[in-house]
Amino acid sequence: MSERSPKFPAISLGEAIELIRLVYQREGRAKMPRLSAVKPLGYSSINGRSLAILGALRAYGLLDGRGDEVRVSEDAITILNAPQNSPERQEALMRAFEAPPAFALLRTQGDASPDTLRWHLIKSNFRDEAADKLLKAFLDSREFINSSVTQEVTGGGIEQEQAKGEAQSGSSP
C-alpha cells in the first residue's frame, strides 16, 4: 500500500473565501448539515471533491464544526463583512493564511524558490503530485494575502510596510 501525503487544503485561500461567501449568503450564521454547506457550491451530494472543499474551508478556519454539523466561522464572517482595510479583517485574513498546518513548513523556508519549497515538501513525505498541489495553493494564498493586507507576507512571516519603507529609503527605526 502506498503512503499518503499529509493533509493540506485543496484550494487557495482566495478561492476558499469566495466559496465561503456563497455558503454564508445562503446559510448565514446558522448551523447546517454538510450537504447544505456544499449545495451553494454546486454539489448535489457529499462526495470526495465536496469533502475536499469542506476540508479546505476547515483548514483555513473559515468553517467550524465536526461531523455532519458545520457553520461559517467568526473569522470568515469578519473577512466577508469587515471594512477592507480594517485591522480586524486583516488579522482574520492572516489567521486564515497561517491556519493550515501544511503551510507551516513552507512559511519556515523564508523566500525560498518554488523548487526549493517543493524539495522541502518531498523531504517531508509529500508525494510529487501532492507537493505540486500544496505548493500552488500556498503560493496563490500568499499572493492573495500580499494583495489583501497592508503587511507583506514573506515565506517566513510578516514584514510591516513601515519597515519595508524604511529599508527602501535607507532610514533606520
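Analyst: Start with a handedness: the crossing of H7 and H8 is right-handed. A crossing counts as right-handed if the near helix is turned clockwise from the far one by less than a right angle, and as left-handed if anticlockwise. Helices (H or I, at least four residues) and strands (E, at least two) are DSSP runs numbered from the N terminus. This is a predicted model, in which local features need pLDDT of at least 70 and side-chain atom pairs pLDDT 80 or more, while totals for chains, interfaces and linings use all residues. Residues are numbered from 1 along each chain as its sequence is written, and side-chain values use heavy atoms, without hydrogens and water.

User: At what angle do H7 and H8 pack?

Analyst: Two packed helices are described by the angle between their axes and the distance between the axes. Here H7 (residues 114-123) and H8 (residues 128-148) pack at about 130°, with axes 9 Å apart. Axes are lines fitted to C-alpha atoms, for helices over the stretch in contact; angles run from 0 to 180 degrees between N-to-C directions. H7 is therefore oblique to H8. Under 35 degrees is roughly parallel, over 145 roughly antiparallel, 65 to 115 roughly perpendicular, and the rest oblique.

User: Which residues of H7 meet H8?

Analyst: Contact means heavy atoms within 4.5 Å. From H7 come Pro114, Leu117, Arg118, Leu121 and Ile122. They meet Asp128, Ala131, Asp132, Leu134, Leu135, Phe138 and Leu139 in H8. By class, the contact of H7 with H8 has nine nonpolar, no polar and three charged residues. Ala, Val, Leu, Ile, Met, Phe, Trp, Tyr, Cys and Pro count as nonpolar, Asp, Glu, Lys and Arg as charged, and the others, Gly among them, as polar.

User: Is Asp115 buried or exposed?

Analyst: Buried means under 20% relative accessible area, exposed over 50%, partly exposed in between (1.4 Å probe, protein chains only). Asp115 lies in H7. Asp115 is exposed, at 64%. Its C-alpha is 9.8 Å from that of Asp132, 17 residues apart along the chain.

User: What is the phi of Asn125?

Analyst: Most residues other than glycine have a negative phi. Asn125 is not a glycine, yet its phi is positive, about 75°. Asn125 sits in the loop between H7 and H8. Gly28, which follows H1, also has a positive phi, near 65°.

User: Which residues of H1 are buried?

Analyst: An α-helix has 3.6 residues a turn, so residues three or four places apart point the same way. In H1, the buried residues are Leu13, Gly14, Ala16, Ile17, Leu19, Ile20 and Val23. H1 (residues 13-27) has 15 residues and spans 20 Å between its first and last C-alpha, close to the expected 21 Å. The expected span is 1.5 Å times one less than the number of residues.

User: How do H1 and H8 cross?

Analyst: Their axes come within 7 Å and cross at roughly 75°. So H1 and H8 are roughly perpendicular to each other. Leu13, Gly14 and Ile17 of H1 meet Ser141, Phe144 and Ile145 of H8. That contact of H1 with H8 has four nonpolar, two polar and no charged residues.

User: At what angle do H1 and H4 pack?

Analyst: H1 and H4 (residues 74-81) pack at about 95°, axes 10 Å apart. H1 is therefore roughly perpendicular to H4. H1 gives Ile17, Ile20, Arg21 and Tyr24; H4 gives Ala76, Ile77, Ile79, Leu80 and Asn81.

User: How many helices and strands are in the chain?

Analyst: The chain has nine helices and five strands. Of its 173 residues, 39% count as buried.
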